[in-house]
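Good morning, and thank you for making time for this presentation. I would ask you to keep the sequence and the model in view while I speak.

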Amino acid sequence: MSNTMAGIGWPRHLRVAALRVVRSSVHYEATVAFYRDLVGLTIIDQFRASYGEDGTIFGLPGSPVHLEVVRSSASDHSIDEFDQLVFYLADRAAVDDATRELVANGVSPAAEQHPYWDDNGGVTFRDPDGRAVIYVSWVYGRDAQPSDASP
């Protein structure tokens, strides 16, 4: 799989300058603290009562990829098993570094995770809303996924 994504860009008609993924949260304050303090994402903006919504935008200054968490007013909030945020990291040491703060603060890896992540060395944590945050020690599109390795 290592070069399959090399040279692939956005479709010509879709001139993307930035991409933001937005998630609603019924546990807004705890979820913001989770991504800020334990995952380590940088808050690049926050808003209050903007069009009736409160939200926090995470990213790296100047980065064209953001994660936005918006306070949900719903009382029931179902989470699908494929509601995942996946961090593809350089190697196992990078995964250990990235998950150290989570574990040190009592957040344990999920007892069960999707079999794909079991087969490919992922470790899954759950944010306060129950969404999966997955850390993997290889980079999609650059490295072969471990399950493809011959025995």
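This is a predicted model: local features need pLDDT of at least 70, side-chain atom pairs count only at pLDDT 80 or more; totals for chains, interfaces and linings use all residues.

Residues are numbered from 1 along each chain as its sequence is written, and side-chain values use heavy atoms, with hydrogens and water left out.

Let me stay with Leu14 for a moment. Its relative accessibility is 39%, so Leu14 counts as partly exposed; buried means under 20% relative accessible area, exposed means over 50%, and partly exposed is in between, with a 1.4 Å probe and protein chains only.

I turn now to the overall architecture. The protein has 3 helices and 7 strands, and from the N terminus on they run β-α-β-β-β-β-α-α-β-β. These elements are DSSP runs numbered from the N terminus: helices are H or I with at least four residues, and strands are E with at least two. Buried residues make up 30% of the 151 residues.

Next comes the sheet. In what order do the 4 strands of the open sheet stand? The order is β1-β4-β3-β2, with mixed pairing. The edge strands, β1 and β2 (42-50), each pair on one side only. Two strands pair if DSSP finds at least two bridges between them. β1 and β4, the latter spanning residues 65-71, run parallel and are joined by 7 bridges. Along this pairing, Val21 stands opposite Leu67, and Arg20 has His66 as its bridge partner. Helix α1, residues 28-39, packs on the sheet and touches β1, β2, β3 (53-59) and β4. The direction of α1 makes about 10 degrees with that of β3; axes are lines fitted to C-alpha atoms, for helices over the stretch in contact, and angles run from 0 to 180 degrees between N-to-C directions.

On its other pairing, β4 meets β3 in the antiparallel sense over 4 bridges, and Gly55 stands opposite Val70. The hairpin of β3 and β4 has 5 residues between the strands, and Gly62 there takes a positive phi near 85 degrees.

Why is β4 described as largely enclosed by the rest of the structure? The reason is that 5 of its 7 residues are buried. Val69 lies in this strand and is buried, with a relative accessible area of 1%. Leaving aside neighbours within four places in sequence, Val69 is in contact (heavy atoms within 4.5 Å) with residues including Arg23, Tyr28, Thr31, Gly55 and Phe58. Phe58 is 11 residues from Val69 in sequence and 8.2 Å away in space, C-alpha to C-alpha.
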